[in-house]
Amino acid sequence: HRPIVEPPHLAVIPDMNSLPDAKRILRSAMLAWRQDLGETERRVAADGLLATLRRERPIGMPAVVSGFWPIREEIDIRPVMIELFNQGCQLALPVVQGRGEPLLFRAWRPGDSLEAGVFGTLQPSARCEIVEPEALLVPLLACDGQGWRLGYGGGFYDRTLAGLRERRRVTAIGVGFDAQLVPEVPHGPDDQCLDWLLTDRRACALV
């Protein structure tokens, strides 16, 4: 299928002294690029993402896997979550507890009803069981080959991964469009690395 063109403004990461400024510039560029994708490109990418999962299998199955409900022009991972469920995985979706807090995860099955969360997200109801994932599908705006991830700036996944990794071995899998793999993501001491990248064209371990 026709590849999604790499954003030309990502050829060089701004060389700036301020980490927040460097992240802000890259975040703004990636949000604008992703917003400009057409519906056909999005459908093709969602199909490619599922094909990559079936071909590469970055997650040991069965496992407890947290996904996410796509918002803000994120790649549609719902077919991937259904595939994982059909392969015997227990699924969960993240819930924002509050500013400065880690995420918690509530069990979810395809077809279960969802309720409104913060930032336009959808989440399982409070009646659903709280689980701790072994693998996390993590949304992103950009990722580099070293596993550094750029998110929306709230730090929720960084705090969550830091806490989980203190208690157990977990696999963090960044999920996005292939063009969101960039040469370098600015990062600081509080940022957590991803272990894998899963896109519509590849699944690769990050080092």
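I started with the largest nonpolar core, which has 54 residues. Ile-59, Val-65, Ile-77, Leu-84, Leu-136, Leu-137 and Val-175 have the most contacts inside it. A core here is a set of buried Ala, Val, Leu, Ile, Met, Phe, Trp, Tyr and Cys residues joined through side-chain atoms within 4.5 Å; buried means under 20% relative accessible area, exposed over 50%, partly exposed in between (1.4 Å probe, protein chains only).

This is a predicted model, so local features need pLDDT of at least 70 and side-chain atom pairs pLDDT 80 or more, while totals for chains, interfaces and linings use all residues. Residues are numbered from 1 along each chain as its sequence is written, and side-chain values use heavy atoms, with hydrogens and water left out.

Next I picked Leu-137 and listed its contacts (heavy atoms within 4.5 Å). Leaving out residues up to four places away in sequence, Leu-137 touches Ile-59, Val-65, Ser-66, Gly-67, Phe-68, Ile-77, Val-80, Leu-84, Tyr-157, Ile-173 and Val-175.

Then I turned to Ala-92, which I found in strand S2 (strands are DSSP runs of E, at least two residues, numbered from the N terminus). Ala-92 counts as buried because its relative accessibility is 0%. What does Ala-92 touch, not counting residues up to four places away in sequence? I got Val-65, Ser-66, Gly-67, Phe-105, Arg-106, Ala-107, Trp-108 and Val-131. Val-65, Ser-66 and Gly-67 were also on my list for Leu-137.

Last entry: I checked Ala-92 against Glu-41, and they sit 51 residues apart in sequence and 27 Å apart in space, C-alpha to C-alpha.

Methods:
Helix = DSSP H or I, 4+ residues; strand = E, 2+ residues; numbered from the N terminus.
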